[in-house]
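This briefing covers one protein chain, with its sequence and model shown below. The notes that follow are grouped by topic.

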Amino acid sequence: MSGMTTTAHPQVARLLAGDFPTRFMTVTIEAGQVQPAGAALGEVTASSEYKLSATGAGDGSETPSVVLWEDVDASGGAVEAEVLICGDVRFSELTLGSGHTETSVKKAFRSVSLFVR
């Protein structure tokens, strides 16, 4: 895709689990978070910012929809970061928020062409 860049994931071989096409986009990570590459993020409806998805969130982010592609420190304010929006990922390399399980993440990600193995 023209104009798209990707950052090399430090453990790319560990995070990716197959040969399904990968796609990326840049999103805004909500302030106050420090998240590792591989974090399962959900979008906050009111702000369109992303944060670690937790089942009890109630702000839209309870449904994970992307996988963080790079380590992020947003402790000092919201930052832009690259996320995986399509591809195969290993469950063992994901960081999940409170209440999520392998089953809940697989179900949510399947609808956006992220496949957990």
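This is a predicted model: local features need pLDDT of at least 70, side-chain atom pairs count only at pLDDT 80 or more; totals for chains, interfaces and linings use all residues.

In which helix do K106 and E102 both lie, and how many residues apart are they? Both lie in helix α2, 4 residues apart, which is about one turn of the helix.

**Helix α2**

- The side chains of K106 and E102 form a salt bridge, with N and O 3.4 Å apart.
- K106 is partly exposed at 31% relative accessible area, and E102 is also partly exposed, at 32%.
- The buried residues V105, A108 and F109 belong to α2. They span an arc of only 95 degrees around the axis, so they sit on the same side of the helix.
- T103, K107 and R110 are exposed on the other side of α2.
- The buried residues of α2 pack against three strands: β3 (40–43), β5 (64–68) and β8 (114–116).

**Nonpolar cores**

- The largest nonpolar core has 13 residues, of which V67, L84, L94 and F109 touch the most other members. Two or more residues of this core come from each of β7, α2 and β8.
- Beyond its neighbours within four places in sequence, F109 contacts A40, P64, S65, V66, V67, L94, L114 and V116.
- A second, separate core holds 11 residues, including V27, V66, L68 and V83.

**Strand pairing around β3**

- β3 and β5 run antiparallel and are joined by 3 bridges; A40 stands opposite V67 of β5.
- β3 also pairs with β4 (residues 50–52), again antiparallel and over 3 bridges. Here L41 has L52 as its bridge partner.
- β3 and β4 make a hairpin with 6 residues between them, and S48 in the turn has a positive phi of about 65 degrees.

**Q33, a buried loop residue**

- Q33 is located in the loop between β1 (23–29) and β2 (34–35).
- Its relative accessible area is 9%, so Q33 counts as buried.
- A polar atom of the Q33 side chain is 3.2 Å from the backbone oxygen of Y50.
- Leaving aside neighbours within four places in sequence, the contacts of Q33 are Y50, K51, L52, V72, D73, A74 and S75.

**The loop between β7 and α2**

- R90 is in the loop between β7 (79–89) and α2 (102–110), and is partly exposed at 35% relative accessibility.
- The C-alpha atoms of R90 and L15 are 5.5 Å apart, although 75 residues separate the two in sequence.
- The R90 side chain also reaches the backbone oxygen of L16, at 3.4 Å.
- E93 forms a salt bridge with R14, with the closest N and O atoms 3.0 Å apart. Because E93 lies in the loop between β7 and α2 and R14 in helix α1 (residues 12–15), the pair ties together parts 79 residues apart in sequence.
- E93 is partly exposed at 22% relative accessibility; R14 is partly exposed at 46%.

**Salt bridges elsewhere**

- The whole structure contains 4 salt bridges.
- Side chains of opposite charge can pair when their charged atoms come close.
- R117 and D88 form one of the salt bridges, with the closest N and O atoms 3.0 Å apart. This pair links distant parts of the chain, as R117 is in the segment after β8 and D88 is in strand β7, 29 residues away.
- R117 is exposed, with a relative accessible area of 56%, whereas D88 is buried at 2%.

Key:
Residues are numbered from 1 along each chain as its sequence is written. Side-chain values use heavy atoms; hydrogens and water are left out. Buried means under 20% relative accessible area, exposed over 50%, partly exposed in between (1.4 Å probe, protein chains only). A polar contact is a pair of N or O atoms within 3.5 Å; within protein, one must be able to donate a hydrogen and the other to accept it, and residues adjacent in sequence count only if both atoms are side-chain atoms. The arc is that of the directions from the helix axis to the C-beta atoms. Contact means heavy atoms within 4.5 Å. Two strands pair if DSSP finds at least two bridges between them. A nonpolar core is a set of buried Ala, Val, Leu, Ile, Met, Phe, Trp, Tyr and Cys residues joined through side-chain atoms within 4.5 Å.
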